[in-house]
Amino acid sequence: MAAFIPSKDPQANEQVLTKINNDKSLEANNGHDGTWVAHPGLADTALTVFDSVFGERSNQLDVSRSDDAPITAKQLLAPCEGERTEQGMRHNIRVALQYIEAWISGNGCVPIYGMMEDAATAEISRASIWQWIKHGKALDNGQVVTKELFELYLAQEIEVVKKEVGAERYESGRFEEAAKLMAKLTTSDELTNFLTIPGYDYLD
């Protein structure tokens, strides 16, 4: 999928279109018959890419990928490589906070930082931090991720979000409730299967 959404800024929008072209070119050349975009304004861009790969064909059933290297269980279970960054953790907190606030307010799909986000994004964000706490992983700043560090960053990022959305929007929203729910989910001893399950208790 491509979760990007169009931007009113021409330069930023050009970057979005480039990303859509790259994403859809990869999919089309991998043998996909269709694709997904987050915004109808990007459908024509995706269609153009697929049309160029399809040519006269109506599908790509002729692409079997049978020559691809097999994927093993060991590969699927291998831990992800790459560093855990303070910036990434803070970003995860802000995105999850804003999405949870939207969800408990009745909106299941919301644009955040130029991306159309749904529950999956918030799930990944809070589960990643939960795992880092569980396994005592360190960030690129040398700090080990603990419940206390998460709660410190959460308090700080609440203030960032408050400035971003404005005091009026913040006060009229349900950000405090969202923060409490996120904290409960992220610092629990056992990983809650889905954030939406306890989230139902917040719905009017």
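Two residues are taken to be in contact when they have heavy atoms within 4.5 Å of each other. The structure described here is a predicted model, in which local features need pLDDT of at least 70 and side-chain atom pairs count only at pLDDT 80 or more, while totals for chains, interfaces and linings use all residues. Residues are numbered from 1 along each chain as its sequence is written, and side-chain values use heavy atoms, with hydrogens and water left out.

Not counting residues up to four places away in sequence, Ile129 touches Met89, Asn92, Ile93, Val145, Phe150 and Thr186. A nonpolar core is a set of buried Ala, Val, Leu, Ile, Met, Phe, Trp, Tyr and Cys residues joined through side-chain atoms within 4.5 Å; buried means under 20% relative accessible area, exposed over 50%, and partly exposed in between (1.4 Å probe, protein chains only). The largest such core has 33 residues, and Met89, Ile93, Ile129 and Phe150 touch the most other members. At least two residues of this core come from each of H4, strand S1 (110-112), helix H5 (119-134), helix H6 (147-165) and H8. Helices (H or I, at least four residues) and strands (E, at least two) are DSSP runs, numbered from the N terminus. H4 gives the largest share of the core, 10 residues. A second, separate core has five residues, among them Ala2, Phe4, Ile20 and Leu42.

H4 also packs against H8. Helix H4 (residues 86-104) and helix H8 (residues 175-187) lie at an angle of about 115°, and their axes are 8 Å apart. Here axes are lines fitted to C-alpha atoms, for helices over the stretch in contact, and angles run from 0 to 180 degrees between N-to-C directions. On the H4 side, the residues that meet H8 include Asn92, Ile93, Ala96 and Leu97, and their partners in H8 include Phe175, Ala178 and Leu181.

Glutamate 27, in helix H1 (residues 10-30), is buried, with a relative accessible area of 12%. Leaving aside neighbours within four places in sequence, Glu27 is in contact with Met1, His32, Thr35 and Phe50. Aspartate 51, in helix H2 (residues 43-54), is partly exposed, at a relative accessible area of 45%. Between Asp51 and alanine 138 there are 87 residues in sequence and 46 Å in space, C-alpha to C-alpha.
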